[in-house]
Amino acid sequence: MSQTKDIISVITADITTLQVDAIVNAANSSLLGGGGVDGAIHRAAGPQLLEECRKLNGCPTGQAKTTKGYKLPAKWVIHTVGPVWHGGGQNERELLAAAYRNSMEQAIQVEARTVAFPAISTGVYRFPKEEAAKIAVGTVLEFIEQHPVFDGVVFACFSEESAQLHRSALAEQA
């Protein structure tokens, strides 16, 4: 497990600036842009991203779809739709884990060896941040153990608070 953990890093950063093969977009189900990370990625990538997203016909919660990165340093953008938090009784945890797993599957399909994730669903979707960090880290660790093809996975957190929660979740994993 420790070797697997070595390829994971946690930083406070603007995900749109990272030099990785793929960045993950915490998108809404339309894939046509929005606020937060989604809006920042669309602005940084340029109008071609929106044009390509229009052809994808949206994306269900927990699933993921990939586009080119256009003007971003990343070659690919993996769009995933995290769940809106409704108190935990509507499969939110399972859907969040699925969003991370399906994003990693998409990364494998486009042969991305380095991937950066935001803290999916922790903004306007109100998923409890500490729980979301534990699900994110646990799901990604499990995935890369089963699929040892990645050179690096970055949790690119918008705030230092989120980064600390992700670092704690990573430290808790045995």
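The protein exposes about 8100 Å², and carbon and sulfur atoms supply 50% of that area, where accessible areas come from the Shrake-Rupley method with a 1.4 Å probe and, for residues, only the protein chains shown count as cover. The structure is a predicted model, in which local features need pLDDT of at least 70 and side-chain atom pairs count only at pLDDT 80 or more, while totals for chains, interfaces and linings use all residues. Residues are numbered from 1 along each chain as its sequence is written, and side-chain values use heavy atoms, with hydrogens and water left out.

We can start with the overall fold. The protein holds 6 helices and 6 strands, which are DSSP runs numbered from the N terminus (helices are H or I with at least four residues, strands are E with at least two). Read from the N terminus on, these elements follow the order α-β-β-α-α-β-β-α-β-α-β-α. The radius of gyration is 15 Å, close to the 16 Å that the globule rule gives for 174 residues, so the protein is as compact as a globular protein of that length; this radius is taken over C-alpha atoms, and the rule is 2.2 Å times the number of residues to the power 0.38. Along the principal axes, the C-alpha atoms fill a box of roughly 45 × 35 × 30 Å. Of the 174 residues, 48% are buried, a word that stands for under 20% relative accessible area, with exposed meaning over 50% and partly exposed in between (1.4 Å probe, protein chains only). Among contacts (heavy atoms within 4.5 Å) between residues at least 6 apart in sequence, 68% join residues at least 24 apart.

How many disulfides does a search of the whole structure find? The search finds 0 disulfides, a disulfide being a pair of cysteine sulfur atoms within 2.5 Å. For Cys-53, the nearest cysteine sulfur belongs to Cys-59 and is 10.0 Å away. Cys-53 is buried, with a relative accessible area of 1%, and Cys-157 is also buried, with a relative accessible area of 1%.

Charged side chains come next. Side chains of opposite charge can pair when their charged atoms come close. The count comes to 6 salt bridges, each a side-chain nitrogen of Lys or Arg within 4 Å of a carboxyl oxygen of Asp or Glu. One of them joins Asp-151 and Arg-113 at 2.9 Å, N to O, and this pair links distant parts of the chain, with Asp-151 in the loop between helix H5 and strand S6 and Arg-113 in the loop between helix H4 and strand S5, 38 residues apart. Asp-151 is partly exposed at 48% relative accessible area, and Arg-113 is partly exposed at 38%.

Finally, consider Thr-122, which has its place in the loop between S5 and H5. Is Thr-122 buried or exposed? At 15% relative accessibility, Thr-122 counts as buried.
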